[in-house]
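Hi,

Here is the structure I promised to send over.

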Amino acid sequence: METMQNENKVQNPAPKPKNEPLHWLMVGGILSAIGLVSALVLTALNLVTDPVIQNNNAKKQLAGYRAIYENCAAVSDPVTIDDNPELTEYYIAYSDSAKQQQIGYIYNSKTITVKSYGNIHAMVGIAGEGDNVVLGKVYLVEDSLSYKNTFETGYVEPYNKNPSEETLAAVKCGATFGAQALNGIISAAREHFIQNFGDSFVEPLSTDSQTIWGEEWQSDWIKETYLSNYPYARKAYRFFEDDSLYGEWGQLITTKYSSGDDIIRMTIGFQGTETDVQWGKMVLTQTQVSDVEALNAFVTSYNAAPSEEALATANDGSLAILKSMALDAKAAFVAAGGLQSTERRFGELESDIAAISSPKVYSGQTQKGDHGDLATAYRSWSVYSDAEKTTEKAKIYKMRVQMSVDHPVSSDPSAYLPEHIQSDTVYLIALSGDKASPNVDHMLVINDSSGRNKTITDYINGFQNDNVEDGVVGTDATYTLKGIWTGLKLAKSLYAGE
Amino acid sequence: MATQTKTRGQHKQNFLNPIWKANPLFVLLLGTCPALAVTTSIEQAIGMGILFTIVLVGSSVLISLLRKVIPEEVETPAYIIIIATFVTIVKMLSEAFLPALYEGLGVFLSLLVVNCIVLGRAEAFAKSNGVYDSFLDALGNSVGYLIALLIIAVVREILGTGVLTFGAVFPFIPKTVIPVLKYSSGLDFSISLFARPAGGFIVYGVVEACIAAHNWHQKDKELALKRAAAQAAALKAKAQVAGEAKSV
């Protein structure tokens, strides 16, 4: 190396005989002295920098808290959350440094690994009182996702602009896995808040549905959804028409009012769309107010003919509160987009529908295919081009195909890779024309939980009447699409017999 | 006087050589790992370069000062203690006063303890040279490394993010974003690959190729000059012989 040429070599004196023990003592002493000086220097420097570093960390943490609650001035000591896959601890946030004015809770998540895309670590704001949840903003402590920008601009920013159930649910943002992970963290924080700071009231769903709908509903045909950021609305129970859990029949919305010792809990039913809300009956599940009699009398009169107009007379005392609760429930129903019924999708299958018949509900109408697939027909409707229901345009069948099979199956020895295929597809078929040889007007996917979602959706939604079953071979979703054909055959056989 | 001039020349070489001719990153291919990791922004590269300078200059000077005291049996452990002390000092100072830089450099700041340039200069130069020479050598190497980091960082930040950002790492610089390939109108010609390690390798490779091409060109030039000189000498000798023969 050329630099060596410039070296001014130190001329060592002639070696002297070494006193071995003394020599090694000196070697150890020198090394220890260097270490000691180093330790002293670092200790002295630490005395200077440590308070600055602590201050920086506190500022940084406070910046995180302020990203969630702008007026946050201090937080409580962390409270550890044990046995939670998503959360580590929570703090109570205060608007004053004396910690007198509580503004909400801040949940600190674990570092969640999102498949192979990276990690996220978030702090979530949850406020409210009792089971009245108000979703707050999210602060990302760590975001090392490879789709970081898409995730933050597509999901985190819209959520932080308007923390609500709608923005929380909008996980399909181009970085779905990251959004789902953050959704999981926020949901876990909300669940923890409700469980620990909510109340233990259990909604009597069976009684509710009997009073409101006039019949008891199978509990596994009901989905529970929390409602946040509403003054009274607490939960929405979505009642489905069958076990596919697609196609809502009605919604029950629970509401709660509490002030001091006064409590009113009311549950109300809704059907219809967000623009044409059909009011259902209401039921009082808890009343702890002075004018209970008036409340009960009002509910009885309302239930005789449920409508928004029927609420008009409720203007005094608890009745005014009940009216506000009912209107808040309606607002929650409208904000969720109304009832997501199967009938709402018919416009995507047939044009110019003027009327729809009541559904014909099938029981036990199933057909097994050759590839471990089972097709089920749930219900059918006639759709008409006139309001008098004289001209039937088509019949629409709600079908489901479930498949669970090991591939290759014995009937297909040419198949190459062993693979377990599991799929579950719910779809609609519109048939018209000749009973023996009907025309397939359109098919429409309602849900597909297979791993070949795009192929299956493209095939079903783009189905042509002249398609042949053999055409599905080599489509990357051959078995599931063969199952779709099994469902189509079942629908055709039902159509032929009707 | 002649000796003094020679010494000054040596000092100058000690400082200038590592900047270009023996650049630690581009010529000796040392310290590549942090160079690829921290060169995603110009500010970060400058920050790393400054902290690297403090560590290298400080440790080289101290090792040179103690070169007659440190027994050769414990040279390497002693050097590592000294280097680690300086690394810890810059780590503490940056964490306290430049937290954004500290976070940006991450583990690569701690890894300066085992950086081959720092340990290499201690072993190859500081332990057998005077304080002034060691200071110049360390400063030259630091400046050379800083320039190399800057070259890679400028290319990567422009291509990778489409903008030049200042004030994100150094709090005393007003925050400024200069659009180069990415504009607020939505036009974006940046290539995010260059902000990732793979992009760092590509830029490093291209710079290395440019340097290699330059070196080959220089060698060709020197060779051509040598050939021309040889030809001229031959012609001169020939003419001399012809002249002598004529005079005879």
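This is a predicted model: local features need pLDDT of at least 70, side-chain atom pairs count only at pLDDT 80 or more; totals for chains, interfaces and linings use all residues.

Chain B averages a pLDDT of 90, and 97% of its residues score at least 70.

Now for how the chains meet. On the chain A side, 23 residues make contact with 32 residues of chain B. Two helices of chain A, α1 (2-5) and α2 (20-68), each give at least two residues to the side that touches chain B. The largest share comes from α2(A), with 14 residues. Sorted by class, that side of chain A has 12 nonpolar, eight polar and three charged residues.

Next, the insides. The largest nonpolar core has 51 residues, and V55(B), I82(B), I83(B) and L149(B) have the most contacts inside it. Several helices of chain B each supply at least two residues of this core, including α4 (75-97), α8 (131-161) and α9 (197-247). Its largest share, 10 residues, comes from α3(B), which spans 42-65.

Leaving out residues up to four places away in sequence, V55(B) touches I83(B), F86(B), V87(B), V90(B), L112(B) and V118(B).

There is also a second, separate core of 39 residues, and among its members are V138(A), A175(A), A189(A) and F193(A).

Cheers

How values were computed: Residues are numbered from 1 along each chain as its sequence is written. Chains are lettered from A and ligands numbered from 1 in the order in which they are written. Two residues are in contact if their C-beta atoms, placed from the backbone, lie within 7 Å. Helices (H or I, at least four residues) and strands (E, at least two) are DSSP runs, numbered from the N terminus. Ala, Val, Leu, Ile, Met, Phe, Trp, Tyr, Cys and Pro count as nonpolar, Asp, Glu, Lys and Arg as charged, and the others, Gly among them, as polar. A nonpolar core is a set of buried Ala, Val, Leu, Ile, Met, Phe, Trp, Tyr and Cys residues joined through C-beta atoms within 7 Å. A residue is buried if 20 or more other C-beta atoms lie within 10 Å of its own, exposed if 12 or fewer, and partly exposed in between; C-beta atoms are placed from the backbone. pLDDT is the predictor's confidence in each residue, from 0 to 100.
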